[in-house]
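Hello,

Here is the structure I promised to pass on to you. Please open it first, and then read my notes below with the model beside you.

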Amino acid sequence: MGTVVVMTASVSGLLRPLLWIPAVVAVVLIALLGRAPEAAAVPSAAPAQLSEIAAAAAIAASDYDADDYQPMTPARLLDTRPGNATIDGQGPTGAAGPATTLTIPITGRAGLPTTGVDAVVVNLTATNPTTGGYATAWPTGAPRPLASNLNFTAGQTLPNLAIVKVGDSGAINLYNNTGTTDFIIDIAGWFPTTDNYQPMTPARLLDTRPGNATIDGQGPTGAAGPATTLTIPITGRAGLPTTGVDAVVVNLTATNPTIGGYATAWPTGAPRPLASNLNFTAGQTLPNLAIVKVGDSGAINLYNNTGTTDFIIDIAGWFPTTDNYQPMTPARLLDTRPGNATIDGQGPTGAAGPATTLTIPITGRAGLPTTGVDAVVVNLTATNPTIGGYATAWPTGAPRPLASNLNFTAGQTLPNLAIVKVGDSGAINLYNNTGTTDFIIDIAGWFPTTDDGGATSPTPAPTPTVTPTPTATPTPTATPTPSAVLTPIVTAGDTHTCMVDADGRLSCWGDNSFGQLGIGTTTAQLRPTVVGGISNPTAVAAGWGHTCALTADGKIKCWGDNSSGQLGDGTTTRTAPVTVPGITSAVGITAGEDHTCALLANGDVYCWGANWIGQLGDGSKANRSSPVRAAVSDVTSIKAGWGHTCALLRDGSVKCWGDNWSGVIGDGTTTDRSVPTTVRNLSGVVQLATGHDHACALGRDGLVRCWGENMAGQLGDGSTTMRTTPVTVRGLTGVTALTAGYAHTCAIRTDGSLSCWGDNWYGQLGNGSTTGAATPVTVSGVGGAVALTAGYGHTCAVSANRDVFCWGANYGGSLGDGTTTDRATPVRVTNP
């Protein structure tokens, strides 16, 4: 095994964010909310590439200046999961049990020398935890500190960047306090013992909570109120000198916030920058690593913008004024959102589309010199993603690494600190793998290159007086990228199911009467069968008798029933995939009963197929065998039901169109609509789900609201009364994902548990019975769920360890367990 972990402290069970710093990749700090991302996760290096990565990571003693921080091409030092080896083939060790300490050798691996390593910068990831707990990393030979680097819930994937002092034996320790958890450690760089950076045993400098004192007994100060600035003395505490401290490495944690808000840290004596270190929601505990310049008075400021929030600050190390590291007042270098310019007026560039690489100039901006910049410390934030995906940062001129800095879900705002090596052209690259996503980059400091004599590169010019645009919202803290593999994407049609598995293969199973499995025949399949002719699928959608897949190049391929033109190619039924003409920049796909819609990178929606009740949204009621534009824009997500379609707009509102006999358009009437119509009394939506004749929306508050047909109790309000405007699902809070079938609805909660309600004729609620429920009931047998989907009478979910389970109706083998027997509790999908 092998891994490096930063010494970052978090007492009383509060986690510290781990910073992930690829030399070739930006490092990102993260405190993931709730659960693992549903869509793309950080890609892992294939075994065949390990030797190449090892060679790239290896460095001879003559290749580095022993006085400076050494950024590296990221390399894996620990992966406890079965079948996942490290850079040098060590492991896997198997998941860590409760109260277990792993010892990870560091020196002499991945190109590190055998001596002279003082501290390492690592990305530490916890995945597949069986229960909620925490992990702590510290140098071997030292007592375990009362702190933590990660705090996670059951089934969650949570990474964090860390700078960990290496023990005398050249190793670090990693402690798992409870349950069984897999761990991954990627190294991104190291500090030699001759460097001026001073790593420390973590020590608490601030804890506002009652009864929680600091390392020297100061406090508590009490929670910070709205628009409040705390001043935290730094120098002369926890062993720091009273003078000569230039910047500190701290783990900053917000806990117990009464409402959503943000926090900003900066040096005392300087104006508060238009940036932030943490963006949090009510009740959330969120940590992030930060490197903060110390003010002339030897203190730093911490601002809480709204609500009442407790804060904790643990110091992990410091840079003296004699060090080469150049801390800065944060400055914005990228903001793709409309109306938000950078420190020097560049941009906005517009949201990044799927498989898009942005190139961000670095040198010569915000006071940086034009030459001599080796690496930058940046806060990288993804916001407004249309679907789940990941982002990777690395130096221009180098190949994109098999790693990522951020993994996000649709509608999420996710930040993380990163240390990114700058390319020869003075720029860095940022890759968005799928969907459309806005990105924000704030710089906080930089490392200069040095000549052979150890002299620093040119002194930076004074920071320009230009301030960031006032309209730019504060940058949320970045979340570190987990190193886990891709989470399977599953979609259920009426009586068939399809999946993009962890290896990126598309397979389908179940009823195949119209060729909807895409395998060239009309023979049903009882187990997953690979669909040919699809490369790099990023999403899949299943209708009644047809299926469509979105590929990484923004194109769509469909197959199956085409009686209403739902395949979009103007032909008849197809048993193998055909490309939809005219769609080249899609980022989302959805399939209804007999129609299909695509979301484009620019926020437009195009639909095709059946339109006899206006479900295509183009103002007509004529079927279309090729795509037509729906009369809606600025869309971030789309969902189709039997004869209706709904769109989530960037502002959090929802519009629906098509059949409305059940009130599913949500405008308070039962009048059909052939153009998009706003759903009443609905705002702050982050996800949609559409059933046969009902629809539901997940809000930022974690509550679910539904409307439309309710004969089977699928709206979850305890009644069977049809609703023409949204009603709140009873007894359901903390929801993170949502799906709807013909007449039932299901949700994932923050602890990974599943709840379903509505029709249960086939056992599709998964609670062991066939009795319907007008309020949520708990699904048995699936823990730590990270994704789910519902069909006509069946439901499927993906667990934290990437297994797929299905239950309910098994017509044609849609459950994928090798039988056609209905199941009232989940069964595992099995491969042929």
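Start at T795, whose bridge partner in strand 53 is W807. This is a predicted model, so please read everything here with that in mind. The pairing between strand 52 (residues 794-798) and strand 53 is antiparallel and runs over five bridges. These two strands make a hairpin, with five residues between them. In the turn you will find R802, which has a positive phi of about 75 degrees.

Strands of a sheet pair through backbone hydrogen bonds, either parallel or antiparallel.

Put together, this part of the model is an open sheet of four strands in the order 51-52-53-54, with antiparallel pairing. Its edges are strand 51 (787-790) and strand 54 (823-828), each of which pairs on one side only. On average, neighbouring strands in this sheet are turned by 15 degrees against each other, direction ignored.

Now step back to the whole protein. Its secondary structure comes to one helix and 54 strands. Of its 832 residues, 64% count as buried. Among contacts with a separation of 6 or more, 68% are between residues 24 or more positions apart. The protein exposes about 26,000 Å², and carbon and sulfur atoms supply 50% of that.

F311 and A263 are 48 residues apart in sequence, while their C-alpha atoms are 9.4 Å apart in space.

How do the rings of W612 and W642 meet? Their centres are 5.9 Å apart and their planes stand at 80 degrees, and because planes over 60 degrees apart count as edge-to-face, this pair is edge-to-face. The pair links distant parts of the chain, 30 residues apart. W612 is in the loop between strand 37 (605-609) and strand 38 (624-629), and W642 is in the loop between strand 39 (635-640) and strand 40 (644-649). W612 counts as exposed because its relative accessibility is 51%, whereas W642, with a relative accessible area of 25%, is partly exposed.

Elsewhere, Y69, F191, Y197, F319, Y325 and F447 form one aromatic cluster.

Two arginines also pair up with tyrosine rings. The charged end of R144 sits over the ring of Y175, 3.7 Å from its centre. Likewise, R272 has its charged end over the ring of Y303, 3.7 Å from the centre of that ring.

Enjoy exploring it!

Best wishes

Key. Residues are numbered from 1 along each chain as its sequence is written. This is a predicted model: local features need pLDDT of at least 70, side-chain atom pairs count only at pLDDT 80 or more; totals for chains, interfaces and linings use all residues. Side-chain values use heavy atoms; hydrogens and water are left out. Two strands pair if DSSP finds at least two bridges between them. Axes are lines fitted to C-alpha atoms, for helices over the stretch in contact, and angles run from 0 to 180 degrees between N-to-C directions. Rings of Phe, Tyr and Trp (its six-membered ring) pair if their centres lie within 6.5 Å; planes under 30 degrees apart count as stacked, over 60 as edge-to-face and the rest as tilted. Buried means under 20% relative accessible area, exposed over 50%, partly exposed in between (1.4 Å probe, protein chains only). A charge sits over a ring if NZ of Lys or CZ of Arg is within 6 Å of the ring centre and within 35 degrees of the ring normal. Contact means heavy atoms within 4.5 Å. Accessible areas come from the Shrake-Rupley method with a 1.4 Å probe; for residues, only the protein chains shown count as cover.
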